[in-house]
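Q: Could we go through a few local features of this model together? I would like to begin with the backbone and then turn to a helix.

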Amino acid sequence: EANFKEHYKWSAKQTIIFPCLESLFFGVFKSHIHDFNHAYSQLASFSILQHLSTDTRIGHVLSYDCGCYKKVTPSIVDDLRDIVFQAIDEVSEELREISLKIHDNPELGNEEKFAHELLVNYLKKKGFNVTPSAYGLETAFVAEFQSKTGEGRVVSFNSEYDALPDIGHACGHNLIAITGVGAAIGLKAVLEKFEIEGIVKLFGTPAEGAPWEGINALDAIVLAYNNIGLLRQQNLPTNRVHGIITNGGSAPNVIPDYTSGKFYVRGRTSEDLKLLCSRVQKCFEGAAEATGAKLKTEWSREVYDVKINSPLATRYETYSSQRFGTKFPSSEQQSSISFGTTDQGNVTYVVPGIHPTYNIFESPSKVRNHTLEFAKQAETKFAHEKTIEATKSIALVGLDILIDDKFYKEVRKCFET
């Protein structure tokens, strides 16, 4: 999903590890979502990077770096996969405990001190070299384990752990947190027990005008809001415009000389988004013209649609379906539905990536994330079990990047063509 934010008298907070974008969350892409009748929890996204850059947000990312590695014969590949699964299974209950603690202690973005300390201490006990408060962010961290045989390729996972205001972990970040931890532990076990060159990393990633002077500024922003409401009738079904009035005046008996609002404008592709943004801008300009108000708009940087890497997506779907019986809709069905935004899209324009999701409900449900009902479901045993399945699936994809030259080249070729 591409995304712009329109802010009125508002400055975007830089709330991410590598200052660039404020996370808007959640995407639905080719070959890695199942059962649209169910609700989904976001799985840590997946990308391949040649270099980690300080101006690129690595939110929801699994990344790789080129390097040398020991040749792995086909005869031991199943053994390697078994080691990954065994390591994750051995810590499953511990991960469950961590998940519940984070769920029961929700913290807003950049305030996740409890979750930060909990995860840092746990990863240290598991033998990772951990840097707390990484990159100048108090609640960020980096955990790393390097094989004794050499550096090799780098596989990294990300864990998020911030909550939403008032409704807690309605996006399931308690589950996303342990997904990254579990996957990192799974690959660490392989690097410890086999002579495979490589490094596994875990990134702990914390969060994310109208009119003035005498003329009724409230009239102007209300008119703009209504203009946008009418615009929705002649709009693509995959486009979205959401907005709130953040300042509507100071008192009922005083004509407001200043009001402000914040709006999200979303399109399925960058092309759709640019067209929609121009139409939304005209809604505000028309309202200002009609009321005599002055307009100031501030557009944030664009969040791109996700450029799915087919080999990565297919491999993830294969593991998830064959190992755990997950059923996926067709890629055409997935691409026709809008599920929100994620700045993972920007990452996939720089490096290969996917953005998998998975179901955390036992039966068909209309509940979606960012709701209290979803927050309640995110602490259930079933949600944890599905998280472990998804963790194993994405970990196996990461393992294949380390040991399968042909697959690695396919991923790079798909991205570069």
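Q: Where is histidine 370 found?
A: This is a predicted model. Histidine 370 lies in the loop between strand S12 (357–359) and H10. Its phi is positive, about 70°, although histidine 370 is not a glycine.

Q: Is histidine 370 buried, exposed or partly exposed?
A: Histidine 370 counts as partly exposed, at 36% relative accessibility.

Q: And what about the phi of serine 133?
A: Serine 133 is not a glycine either, yet has a positive phi of about 50°. It sits in the loop between strand S4 (129–132) and strand S5 (141–146). With a relative accessible area of 35%, serine 133 is partly exposed.

Q: Turning to H2, which of its residues are buried?
A: They are Ser92, Leu95, Arg96, Ile98, Ser99, Ile102 and His103. These residues cover an arc of only 165° around the axis, so they are on the same side of H2.

Q: Which exposed residues are on the face turned away from that side?
A: That face of H2 carries the exposed residues Glu93 and Asp104.

Q: What covers the buried residues of H2?
A: The cover includes helix H1 (77–90), helix H3 (113–125), helix H4 (173–193), helix H10 (372–377) and helix H11 (381–403).

Q: What span should H2 have?
A: Helix H2 (residues 92–104) has 13 residues, which at 1.5 Å a residue should span 18 Å; its end C-alpha atoms are 18 Å apart, in agreement.

How values were computed:
Residues are numbered from 1 along each chain as its sequence is written. This is a predicted model: local features need pLDDT of at least 70, side-chain atom pairs count only at pLDDT 80 or more; totals for chains, interfaces and linings use all residues. Side-chain values use heavy atoms; hydrogens and water are left out. Helices (H or I, at least four residues) and strands (E, at least two) are DSSP runs, numbered from the N terminus. The expected span of a helix is 1.5 Å times one less than its number of residues. Buried means under 20% relative accessible area, exposed over 50%, partly exposed in between (1.4 Å probe, protein chains only). The arc is that of the directions from the helix axis to the C-beta atoms. Contact means heavy atoms within 4.5 Å.
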